[in-house]
Amino acid sequence: MTSRRQFIGQSAAAASAMAFPLVGGAQPKTVKVGVLHPVTGALAYSGQQCREGVMMAIEDINKLGGIKSLGGAKIEALLGDAQSTPQAGAAEVEKMNEAGVSAIVGAFASAICLATTQAAAKYNLPHVVDVGVADQIVERGLKNTFRFGPGYKKCAEVAVANLHVLNTAAGKPARSVMIIHEESLFGTGTANLLARELPGYGYDVKEIVKHANPTRDFNNIVLRMKQVNPDIVIPANYYNEYALLVRTMQQQKVTPKAIYSVLGGAASSYKFVKEFPEAANGIIDCNHWFSPRDKRSLELKKRVEAKNLFFSYEVFMAYTAMRLLADAIERAKSTDRAAIIDALNKSTFSDHIMPYGTTQFVNGQNMGAQPLMTQVVKGDIKVIIPRDYREVEPIFPLNG
Amino acid sequence: MFDLSILFASVLNGITTGAVYALIALGLTLIYGVLHIINFAHGASLMVALYGVYFLKEKIGLDPYLALPIVVPAMFAFGYVLQRVIINRASHGKDENILLVTLGISIVLENLALLFFKSDTRNIETAYTLTTVNIGTAMIALPKLVAFIGALVVSAILLAVMRFTFLGRAIRAVAKEKHGARLMGIDVDHVYAMCFGIGSACLGAAACFLLPAYYVNPMVGNGFVLVAFTIVVLGGMGSFVGALVGGLLIGVVESIGGLYLGESLGQVGIFVIFIAILLLRPQGLFGVRT
């Protein structure tokens with residue numbers, strides 16, 4: 001028996017359901033994008049920074065009228081947490097696929113990106129990699145995977161070539177190197193590349209030390225360092241361990257001719273420079289960096305800092321990755337996955353703050369991407385190489 | 001092969017680290033010895049204490065060592081209330097329930113910390129953070145040396161309390177025979193909660209000694225809790241001397257292992273010891289065979 005009240009309620013629901021398509025047709029639809037990062041677990045800090053970058057980009061895109069070729073469709077973020085493990089990341093991709101996202105942006109760490117890009121490939125789901133520097137990510141022939149930033153091979157080559165330039169200019173004071181890296185794909189891969197490149201330039205790689213995430217104590221590694229006494233120390237690890245390592249070196253009074261990081265987790269981090277100005281002083285890093293010449297990057301930096309956050313590489317890399325994707329959706333004029341992939345392949349995206357050459361994707365890798373070399377000088381991070389972006393003259397060797 | 005001076009520095013480093021491990025393991029072994037439960041919330045409680053020390057320093061500028069008189073009683077109260085109000089009630093007298101309740105508490109605490117404090121790793125900067133003390137040829141960070149001495153003092157106090165006070169006797173009585181103790185007029189629920197309180201207070205002290213040379217984030221406890229479990233098994237479940245000796249031993253093994261095998265593989269030593277103890281002397285170094 002249906003009561004009068006129930007009848008009215010049901011009728012109203014039915015009427016609104018029938019009316020909905022009309023209302024829906026009048027309003028621009030949304031484009032669902034999966035935003036997938038390790039926002040909990042060991043990599044949570046970086047993951048949250050990445051998420052912040054993507055969300056700021058979405059905010060900007062929507063504020064400027066959304067995707068115009070889709071009638072001003074707004075981008076709707078579907079947030080996912082990879083929990084700092086590849087398995088959880090892949091599981092989130094499944095969920096996002098079910099929820100009907102048009103593309104995914106993520107997933108910070110190389111090991112997680114390997115899993116998420118592969119999971120997304122099953123559904124031909126476009127996946128823009130925001131950081132993930134391991135080159136295996138774009139070397140497996142996955143048609144859905146695109147990385148805007150440079151891989152670790154490129155970074156290692158640039159770093160070693162520039163080290164040689166700096167060292168030669170200073171009269172070759174440095175000959176021996178010690179590499180300290182974290183144990184996952186990113187650190188190990190970077191260390192292997194460096195160990196292969198460095199001897200070619202006449203450097204003696206005396207020791208390669210691997211450590212876990214998290215590592216509680218770096219005293220032993222620094223004691224080894226004392227024994228080996230290298231001219232140059234190259235760390236390749238994430239923020240916490242990087243900070244602890246450099247502080248322990250300071251404590252044990254180990255002062256190599258240079259701390260020369262390749263994708264160093266804290267080397268070009270405003271957080272590190274602010275918290276440990278003395279330990280950070282003089283550190284050189286070959287890393288993702290924005291163009292200091294571009295006014296928009298400084299505006300973005302101010303906005304991030306106004307939120308009480310640090311303008312770390314995670315933020316601007318993820319921000320740019322989302323802008324790249326939005327540009328592709330705009331040109332695809334569709335939320336269809338294949339159309340977006342096609343648009344990404346043809347991308348010549350240039351409206352960004354990165355110091356890159358012309359955007360051109362070959363097998364999913366942006367060939368124009370490059371890292372910059374920075375050095376911590378007087379409590380700030382300044383670009384030293386290449387010359388086009390140079391803000392200060394490099395100081396090498398440090399204790400020379 | 002390493003220089004003797006470097007080996008010496010590594011051993012010293014291991015001993016100072018081990019002392020803090022011991023302090024954390026003491027709390028764990030006390031709770032195990034009396035309540036016969038494995039407290040999975042131990043790591044999360046340490047994290048809570050570390051945040052306490054951190055905010056006292058950041059908000060009112062209180063030095064971590066001067067924070068001891070605040071953090072230790074606060075952690076005691078935290079542990080006491082946790083046991084009395086949540087664990088005791090939710091367990092309905094079953095040990096396996098307690099296990100799950102403490103596991104649940106750890107998940108809740110970690111995620112609350114994630115919610116309120118974000119996942120940021122936070123450090124404090126003190127005037128002595130990077131100060132080192134020369135012992136022979138080795139340089140030891142001052143905060144580590146203070147932690148070592150502090151851990152020994154706290155352990156001594158704890159041992160004295162257990163041996164010479166009525167509370168200590170009551171705790172030992174409850175640990176041995178809970179029904180008998182109740183018949184003798186001991187308030188068993190109170191003793192349980194006191195144990196949890198004291199165990200947590202140890203973490204409060206550990207946090208004050210740890211933070212000047214370490215960091216805090218919502219997951220920080222996990223790194224310590226596995227090591228603490230190993231120490232408790234090594235020293236003998238419920239043995240205080242065992243926890244202290246075990247802590248120092250594990251610290252040295254970890255340090256030397258790290259030096260020779262590398263930091264990743266170095267921890268293997270800890271677990272080799274763990275397995276060897278379980279096989280050869282399951283009651284632990286100082287445990288009593290039951």
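How many residues of chain B are in contact with residues of chain A? I started my notebook there. The model is predicted, and I kept that in mind throughout.

**Entry 1: where the chains meet**

I looked up the contacts between the two chains. I found 27 residues of chain B in contact with 30 residues of chain A. Next I asked which elements of chain B give two or more residues to this side. I noted α1 (4-35), β2 (138-141), α10 (240-261) and α11 (263-266) of chain B. Of these, α1(B) gives the most, with five residues. Then I sorted the side of chain B that touches chain A by class. I got ten nonpolar, twelve polar and five charged residues.

**Entry 2: two domains in chain A**

I turned to chain A alone. It is divided into domain 1 (30-149 + 294-368) and domain 2 (153-287 + 373-389). I saw that each domain is written as two stretches of chain A. How far apart do the C-alpha centres of the two domains lie? I read 28 Å for domain 1 and domain 2 of chain A.

I then checked how the domains touch. In chain A, 16 residues of domain 1 are in contact with 17 residues of domain 2. On the domain 1 side, α2 (44-63) and α4 (110-121) of chain A each supply at least two residues. Here α4(A) gives the most, with three residues. The side of domain 1 of chain A that touches domain 2 has twelve nonpolar, three polar and one charged residues.

**Entry 3: a sheet in chain A**

I traced an open sheet of seven strands in chain A. I wrote its order down as β7-β6-β8-β9-β10-β13-β14, with mixed pairing. I reminded myself that strands of a sheet pair through backbone hydrogen bonds, either parallel or antiparallel.

Which strands are at the edges? They are β7 (204-211) and β14 (380-385) of chain A, and each pairs on one side only.

Strand β8 (residues 232-236) and strand β9 (residues 258-262) of chain A run parallel, and two bridges join them. For A:V233, I found the bridge partner A:I259 in β9(A).

**Entry 4: a helix on the sheet**

Last, I asked what helix α7 (residues 219-228) of chain A touches on the sheet. It packs there against β6 (176-182), β7 and β8 of chain A. I noted that the direction of α7 makes about 170 degrees with that of β7(A).

Key. Residues numbered from 1 in each chain as written. Chains lettered and ligands numbered in written order. Predicted model: local features only at pLDDT ≥ 70, side-chain atom pairs only at ≥ 80, totals over all residues. Contact = placed C-beta atoms within 7 Å. Helix = DSSP H or I, 4+ residues; strand = E, 2+ residues; numbered from the N terminus. Nonpolar A, V, L, I, M, F, W, Y, C, P; charged D, E, K, R; others polar. Domains from an automatic or database assignment. Pairing = 2+ DSSP bridges. Axes fitted to C-alpha atoms, helices over the stretch in contact; angles between N-to-C directions.
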